[in-house]
Amino acid sequence: PTSIPTSSKAAMSLLSLGLLAAYFAGGVQFMMNQEGWDAADAFYFWCMTVSTVGYGDLAPTTPKTQAFVSVYAIVGLVLVWSIVSDYYGAVQGKLQSFQAKLLKMVGIELVDVHALPIDKHTPEQVNAKIKYWRRYLLAMLPMVTLLALFVALHFVRKESSFTEAVYFGVVTATTVGFGDFGFLDEEPLNKCLAALGVMGVVVVFANAVDECLLIRKRQQLRHGKIALPSLEQLETLINNKRNAGEGDYISEADYVVETLLKGELVDPQILLAIRRSFYWKANAASNGKRNSLITSEDLAALWKVKNMAGAPGAPTLDVDDLLGHGSPR
């Protein structure tokens, strides 16, 4: 199998941006026609709506626009956030790498657990090396930086007290949006920029919280506080496999699956779908017999079926070459 071509990724990115532009353009035009708002107010309203901040300084006033917003807002929450999350996810790794380098410059260096071989470092030794406060700091840095900038701008432009600026920033980032502060009285350009800034703060805050929760779960898992099977559970697992005639042992895959399920780290239905997919791929060239491995024969059989079906993008290949039986090139 091949990765998605760069041209396809570019086309998908353009399509996503096109959908975003079409969504906001349609919503803005509707509110301009029905509520008599200008374009900046309408754009500001939709940004506050899909970000779920909802300051309340603008709201639909007629049954027609209220009904439209009720449906269009739901569409926006699904469409906008799925696209925005994908884009932020694409840059998050690079952003964290850059921040890690900045922290290293001031003497705060993270431990790369992938550089610690499994057969040379016990879980206890890994835990001793990891400084989790540094990982939390890295996860929180984008949120703190953007929130500080947001607070500073509000403090300068609104002539608010520092406490009010911090309060407004936190209320915005957490999407509480009481409505006692807002940007409705700003100039059109500043209003639109502020609306985009609000969406940025909400996205970064949500991702920072999610990353901190993930770090916490890793920390608990490495310390054996969640998920890791007990000796009693391992014994039960071996007995079940023995009774099913599947051997008198626990493989690494068995242990991983048991840990994922016990710690609720994966949805059971997703795991079942993955196992079902593996079973039928491993079954491709084994004449219906249960197989715990995907062999080169299985892979060749799968490619053969895909080529016979004329699947787009499937490479033309010689099955004997794939199996290593072809003539050297």
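## Buried cysteines

A residue counts as buried when its relative accessible area is under 20%. Cys-47 has a relative accessible area of 0%, so this residue is buried. The structure is a predicted model, and what follows describes that model.

A disulfide is a covalent bond between the sulfur atoms of two cysteines. For a pair to count here, the two sulfur atoms must lie within 2.5 Å. By this rule the number of disulfides is zero. The cysteine sulfur nearest to that of Cys-47 belongs to Cys-192, at 7.6 Å, and Cys-47 is in no disulfide. Cys-192 is likewise in no disulfide, and its nearest cysteine sulfur is that of Cys-47.

## Nonpolar cores

In soluble globular proteins, nonpolar side chains tend to be buried together. In this model the largest nonpolar core has 43 residues. Phe-24, Met-31, Trp-46, Tyr-55, Phe-183 and Val-198 have the most contacts inside this core. At least two core residues come from each of the helices α1 (6-35), α2, α3, α5, α6 and α7. Helix α7 gives the largest share, nine residues.

Which residues does Phe-24 touch, if those up to four places away in sequence are not counted? They are Phe-43, Trp-46, Cys-47, Val-50, Val-80 and Met-199.

Phe-155, Val-156, Phe-162, Val-166 and Val-170 make a nonpolar surface patch of about 460 Å². Helices α5 (132-157) and α6 (162-173) each supply at least two of the patch residues. The largest share, three residues, comes from α6.

Phe-155 sits in helix α5. Its relative accessibility is 38%, so Phe-155 counts as partly exposed: the value falls between the 20% limit for buried and the 50% limit for exposed.

## Two threonines with positive phi

Most residues other than glycine have a negative phi. Thr-52 is not a glycine, yet its phi is positive, at about 65°. Thr-52 lies in the loop between α2 (39-50) and α3 (63-105). With a relative accessible area of 39%, Thr-52 is partly exposed.

Thr-175 also has a positive phi, near 60°. Thr-175 is in the loop between α6 and α7 (188-222). At 24% relative accessibility, Thr-175 counts as partly exposed.

Key. Residues numbered from 1 in each chain as written. Predicted model: local features only at pLDDT ≥ 70, side-chain atom pairs only at ≥ 80, totals over all residues. Heavy atoms only, no water. Patch = residues over 30% accessible without salt bridge, like charges linked within 9 Å, V, L, I, M, F, W, Y side chains within 5 Å. Areas by Shrake-Rupley, 256 points an atom, 1.4 Å probe, with all protein chains shown as cover. Salt bridge = Lys/Arg side-chain N within 4 Å of Asp/Glu carboxyl O. Helix = DSSP H or I, 4+ residues; strand = E, 2+ residues; numbered from the N terminus. Buried < 20%, exposed > 50% of the residue type's maximum accessible area, 1.4 Å probe, protein only. Core = buried A, V, L, I, M, F, W, Y, C linked by side-chain atoms within 4.5 Å. Contact = heavy atoms within 4.5 Å.
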